[in-house]
Amino acid sequence: MTTAVIIVAAGSGTRLGLNRPKAFIEVAGLTLAQRSVDAAREADPLAQIVLVVPDGQSNLPTGVTAVTGGATRHESVAAGLAVLADDVEVVLVHDAARALASANLFTRVIERVRETNAGVVPSLPVSDAIKRVNAEGFVTESVDRSVLAAVQTPQGFPRAELEAAYASVRADDHNDDAAVFVAAGRQVHTIPGEAVAFKITTLPDLERAQALLAPVSAGYRIGSGTDVHAFGSTLGLWLAGLHWPEELALAGHSDGDSASHAIVDALLAAANLGDIGGMVGTDDPRFEGAHGEVFIREAVSRLRTAGFEPVNVTVQILGNQPKLAPRREEAQQVLSDWVGAPVSVSATTTDGLGLMGEGKGIAATATALIKPLG
Ligand code: CTP
Ligand code: MG
């Protein structure tokens, strides 16, 4: 069964007030018309897509049957119906202004029309209290919202019945295609609609669409860091924020906790704030013997001053000793607390190779993801 989708995009967008046809305004790089065409095509790659456009409109999406619309939405739909291919049996009518309606919504409408051979509209329950209001603006009556539904597009119909309905009812008495269909005495089913299929009518609607399409990762940055310390000659290791009294301590100006130091470097690098050496200065007495907490909290504070906060951090420890697994959870908790975001800790040996493999020290590498504050 061949399907056509008529996308009405011929309106002028008066209420949006941008002095341009609404359907040809871009949101996140694509026009509303293009977004609607893309969703329809994804739902049914073989469907005929009819795009009803303002007179003289350029920059049309490719692969569509373009036709000039009329002075009203009703006339624009009629113009679309007039150019359907002969073999079309199911017709969907969609407002380009509902540009975020998903391909899945189109698919569900098409399937339901095929099942029922009746009209199908997506609908949502009404959540606001609804009142009847008189010309003076006074509430005259409360309306029972349980019998009401807010309907959306795409609306789907058997082609022959929709054409007959459009031919038989007076234009402009009805503000959507389901109304035309019902006025012609036909049945219309509802299926669950989508919140994102809202109609872009006013500026706040356009801003909502922009916000929904803004990449969630905007402003996110990553950084990596590495630190290596050789073992000294005394017991009492500090590693991954934990004290390991039975293990050889690492040598260094601070406590030598290479995992903590790698985390500091990763955080600073993500915000382009240099590295741990630049932050503390190797002869600064404040950091003599200091634990990882001091460095990590200082790095996070510098990050915040620069307008960022950590999202998450991973750190991998390279060395033969100590065995991390039994204390991994504990290390993750301590480090996460210092960073203020989840830190995952893993460990590996280096197959006997290099300084770590020879058991001369411990290295760590870390990756930090950060995002703008707020
Ligand atoms: N539409 C159309 N032809 C018209 C009027 C409207 O194709 N003569 C289309 C619009 O392009 C839109 C859909 O019908 O995709 C729903 O209409 P609406 O949201 O009212 O859009 P506009 O008429 O463009 O906006 P306004 O009423 O604010 O001018
Ligand atoms: Mg309008």
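Helices, of at least four residues, and strands, of at least two, are taken here as DSSP runs numbered from the N terminus. On that basis, the predicted model of the protein holds 11 helices and 17 strands. The radius of gyration is 32 Å, well over the 21 Å that the globule rule gives for 374 residues, so the protein is more spread out than a compact globule. Along the principal axes, the C-alpha trace covers about 95 × 55 × 40 Å.

Among contacts with a separation of 6 or more, 70% come from residues 24 or more positions apart. The accessible surface is about 18,100 Å², and carbon and sulfur atoms contribute 51% of it. The protein carries 28 positive and 43 negative charges, whose mean positions lie 5 Å apart.

Two cis peptide bonds can be described. One joins Thr-153 and Pro-154, with omega about 5°, and Pro-154 sits in the loop between strands S10 (149–151) and S11 (155–158). Another runs from Gln-321 to Pro-322, with omega near -10°; Pro-322 belongs to the loop that links strand S15 (308–318) and helix H10 (328–339).

Positive phi values also occur at residues other than glycine. Ala-240 has a phi of about 55° and lies in the loop between strands S13 (221–239) and S14 (242–250). With 0% relative accessibility, Ala-240 is buried, because the cut-off is under 20%. Asp-351, with a phi of about 60°, is found between strand S16 (343–348) and helix H11 (354–357), again in a loop. Its relative accessibility of 71% is over 50%, so Asp-351 counts as exposed.

Notes. Residues numbered from 1 in each chain as written. Chains lettered and ligands numbered in written order. Predicted model: local features only at pLDDT ≥ 70, side-chain atom pairs only at ≥ 80, totals over all residues. Heavy atoms only, no water. Rg over C-alpha atoms; globule rule 2.2 N^0.38 Å. Contact = heavy atoms within 4.5 Å. Areas by Shrake-Rupley, 256 points an atom, 1.4 Å probe, with all protein chains shown as cover. Lys, Arg positive; Asp, Glu negative; His and termini not counted. Charge placed at Lys NZ, Arg CZ, Asp CG, Glu CD. Buried < 20%, exposed > 50% of the residue type's maximum accessible area, 1.4 Å probe, protein only.
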